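Open the model in your viewer and keep the selection tool at hand. Each stop says what to select and what is there.

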Amino acid sequence: MNVGVLSAGAWGTALAIAFAGRHRVTLWAREAEVVQTMRETRENRRFLPGYRLPDGLAVESDFSATVAGADLLVVATPLAGLRPTLQRLVAERQVKPLVWVCKGLEAGTAKLPHAIAGEELGGDAVYGALSGPSFAEEVAQGLPTAVTLAANDADFARDTALALHTPRLRIYANDDLPGVEVGGAVKNVLAIATGISDGLGLGLNARAALITRGLAEIARLGLALGGKRETFMGLAGMGDLILTCTGDLSRNRRVGLALAAGKTLPQILAELGHVAEGVSTAREVARLAQQLGIEMPITQAVDAILHHGVGAAAAVEQLLARDPKIEMA
Ligand SMILES: NC(=O)c1ccc[n+]([C@@H]2O[C@H](COP(=O)([O-])OP(=O)(O)OC[C@H]3O[C@@H](n4cnc5c(N)ncnc54)[C@H](O)[C@@H]3O)[C@@H](O)[C@H]2O)c1
Ligand SMILES: O=P(O)(O)OC[C@H](O)CO
């Protein structure tokens, strides 16, 4: 199969490396210097330094050529790039079967990726989300990883998962697109929370409590948005939550650690050099939860710290001062 990967960030590059073992893969980058360096050095020095691009992997600066030659598109932009990329495919009359890999809610609309795709591509297109616990660096190294592919069409989910599956990048098909997307979006906010907690030295008990109560927040929002409870116990729910909250490769966790160290958000984002989706998603999830009347206190605290000038220590005190609750309510 010809696979076109649209965007050569850390994740697009790692996936292109992994898929190139089984398919003819073309990796498109919008930055001319990234294309040039990848061609000259066979390495994405800007977004995923240290990992060699396999010989068969083609690097392309021409979006239209990449798309025209593909049987399957993997949209590997951050969430902010999903809608413009889909609009471009529609404008070029090149809507192909596609999966996106971004995790978050759209800034300003609080929409999940599948809602954006539904608006832009209409009812006949087949599309899905690839999500789950997966750091780009580990996938690029060929370390064992398991992820989930959920789609708007069960046959497409199963066939695409089978086609992309390798022993090292195990892909499970799933029929719960909203549930998979909510898990991937909200875990980034919770990773910022655990980064803050760990950075403030609040301990391992607090970290476990944040992860567990965070999972309850994911499930509450996910059920309200049409997801299935079992999805939140799976790779795109608990799996990705554990990875991102505890793994120091996580950019979102690192945002939390840096906030606890007293850095400002603009400073942190400038130093990061990569997207941290939890930053804008925190605002959207907090607003949506309030609109829907869903209790998401950890998310609200992260939003308050990131976007409303509340200090990390003060937000923690507010969380700890909440009335005791029934655990499973
Ligand atoms: N890095 C990981 O380990 C990882 C793993 C799983 C999922 N993800 C998700 O994948 C998405 C991309 O993450 P990343 O790590 O590759 O980010 P990154 O910051 O490393 O790279 C972002 C890439 O997207 C491109 N881009 C940015 N805005 C764009 C736009 N509007 N249109 C087209 N291209 C645009 C950039 O040029 C760059 O190539 C995020 O949603 C992230 O949450 C990342
Ligand atoms: O580095 P992060 O925090 O964007 O997380 C990367 C992946 O989503 C982990 O599954």
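**Before you start**

This is a predicted model: local features need pLDDT of at least 70, side-chain atom pairs count only at pLDDT 80 or more, and totals for chains, interfaces and linings use all residues. Residues are numbered from 1 along each chain as its sequence is written, while chains are lettered from A and ligands numbered from 1 in the order in which they are written.

**Stop 1: ligand 1**

Select ligand 1 and its shell; a residue counts as near if its C-beta atom, placed from the backbone, lies within 6 Å. Of the 28 residues there, Gly9, Trp11, Gly81, Cys102 and His274 come nearest. Two elements give two or more residues to this shell: α1 (10-19) and α4. Helices here are DSSP runs (H or I, at least four residues), strands are E runs of at least two, and both are numbered from the N terminus. Which element gives the largest share of the shell around ligand 1? It is α4, with five residues. Now colour the shell around ligand 1 by class: 15 residues are nonpolar, nine polar and four charged. For these classes, Ala, Val, Leu, Ile, Met, Phe, Trp, Tyr, Cys and Pro count as nonpolar, Asp, Glu, Lys and Arg as charged, and the others, Gly among them, as polar.

**Stop 2: ligand 2**

Move to ligand 2. Select Lys103, Pro133, Ser134, Phe135, Asn188, Ala191, Asp240, Leu243, Thr244, Ser250, Arg251 and Asn252, which surround ligand 2. α8 (177-199), α11 (235-246) and α12 (251-260) each give two or more residues to this shell. The largest share, three residues, comes from α11. The class count around ligand 2 is four nonpolar, five polar and three charged.

**Stop 3: what the record marks**

Keep Lys103, Arg251 and Asn252 selected: an unreviewed UniProt entry lists them under "binding site". They are spread over 150 residues of sequence, yet they cluster in space, with a largest C-alpha distance of 12.8 Å. Lys103 is found in the loop between β7 (98-100) and α5.

Next, select residues 176-316. The unreviewed UniProt entry lists them as "domain: Glycerol-3-phosphate dehydrogenase NAD-dependent C-terminal". UniProt positions are in the numbering used here, feature names are shortened, and annotations may be inferred rather than shown by experiment. Over residues 176-316 the chain is 77% helix and 0% strand. The end C-alpha atoms of that stretch are 33 Å apart.

**Stop 4: α4 and α5**

Select α4 (residues 79-91) and α5 (residues 113-121). Their axes come within 10 Å and cross at roughly 20°. That makes α4 roughly parallel to α5. Axes are lines fitted to C-alpha atoms, for helices over the stretch in contact, and angles run from 0 to 180 degrees between N-to-C directions. Under 35 degrees counts as roughly parallel, over 145 as roughly antiparallel, 65 to 115 as roughly perpendicular and the rest as oblique. Show Leu79, Leu82, Arg83, Leu86, Gln87 and Val90 of α4 with Pro113, Ile116, Ala117, Glu120 and Leu121 of α5, which make the contact (C-beta atoms, placed from the backbone, within 7 Å). By class, the contact of α4 with α5 has eight nonpolar, one polar and two charged residues.

**Stop 5: α14 and α15**

Select α14 (residues 278-292) and α15 (residues 297-307). They pack at about 130°, with axes 9 Å apart. α14 and α15 are therefore oblique to each other. On the α14 side, show Val279, Ala282, Arg283, Val285, Ala286 and Ala289; they meet Thr299, Gln300, Val302, Asp303, Leu306 and His307 in α15. This contact of α14 with α15 has seven nonpolar, three polar and two charged residues.

**Stop 6: α15 and α16**

Pro297, Ile298, Ala301, Ala304 and Ile305 of α15 make the contact with Ala312, Ala315, Gln318 and Leu319 of α16. The residues of the contact of α15 with α16 are eight nonpolar, one polar and no charged.

Note on methods
Contact = placed C-beta atoms within 7 Å.
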